[in-house]
Amino acid sequence: PYLFFKGALWPLPPISVAIVGARECTDAGWRFAKTLARELAAAGVVVISGGARGIDTAAHKGALEAGGHTAIVTATGLDRVYPPESELLFAEVERRGAIITELLPGTPPRRDFFPTRNRIIVGLSDAVVIVEGRPKSGTYSSARHARKLGRPIFTWTGSPHRELSELPSVLVKEGASVLAKPERSSLLSCIK
């Protein structure tokens, strides 16, 4: 029924894209997510993700490198940073974007908070990009939320890791669009 927010960016600008994926991503997946986020942010799109290790962190860093905006939807209270090694990233996002949660201050991370956090990431986004993941993962919960809310789903199928390419393959069979390169044009044409 409520969201807590801190940062410099509220309300969010009109176009936002979620970039989510595996925590234990490949170097190729990391580069793809970071480059795509940089491209989108340079075009004025807000990049939204969950602040987790891996693809989420790559997306936030790419947006910040472009001088653009990004928002973290965290699975903790606003006064907590998770993962703890991302303290500098969270501070930078707070200065130039937004940190958002539905959880009360003081709430620590808990396994069941992450899938429910994903529905907020999707709800704040005009489209969802999934970069690497396994079919039975939190990343897949983002795809389920996107389908439920009618958000366009894009995925990258170029992962060199067999298991991390499984979720993108499933999503393509379910109707997701393929992003072969980290370019913003094909994605933005679908959501404008």
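Reader: How much space lies in the largest cavity?

Author: Rolling a probe the size of a water molecule over the atoms shows where empty space is left. On a 1 Å grid over the protein atoms alone, a cavity is a set of points where a 1.4 Å probe fits but cannot get out, whereas a pocket is an open set with protein on both sides within 12 Å along at least five of seven lines; lining residues have an atom within 4 Å of a point. Points are joined across faces, edges and corners, and a volume is the space filled by probe spheres set on them. Here, the largest cavity holds about 30 Å³. This is a predicted model, in which local features need pLDDT of at least 70 and side-chain atom pairs count only at pLDDT 80 or more, while totals for chains, interfaces and linings use all residues. Residues are numbered from 1 along each chain as its sequence is written, and side-chain values use heavy atoms, with hydrogens and water left out.

Reader: Which helix gives the largest share of the lining of the largest cavity?

Author: Helices (H or I, at least four residues) and strands (E, at least two) are DSSP runs, numbered from the N terminus. Helix H4 (residues 113–123) provides four residues, the largest share. Among the lining residues are Phe113, Thr116, Glu102 and Leu103.

Reader: What is the volume of the largest pocket, and which residues lie nearest its centre?

Author: The volume of the largest pocket is about 600 Å³. Its lining has 25 residues, with Arg23, Phe114, Ser137, Gly138 and Thr139 nearest the centre. H4 again gives the largest share, five residues.

Reader: How many salt bridges does the structure hold?

Author: A salt bridge is a side-chain nitrogen of Lys or Arg within 4 Å of a carboxyl oxygen of Asp or Glu. The structure holds eleven. In one of them, Glu92 meets Arg95 at 2.4 Å, N to O. Both residues lie in helix H3 (residues 87–96), three residues apart, about one turn of the helix.

Reader: Is Arg95 buried or exposed?

Author: Buried means under 20% relative accessible area, exposed over 50%, and partly exposed in between (1.4 Å probe, protein chains only). Arg95 has 55% relative accessibility, so this residue counts as exposed. Glu92, at 21%, is partly exposed.

Reader: Where do Arg119 and Glu102 lie?

Author: These residues form a salt bridge, with the closest N and O atoms 2.8 Å apart. Arg119 is in helix H4 and Glu102 in the loop between strand E5 (98–101) and H4, so the pair ties together parts 17 residues apart in sequence.
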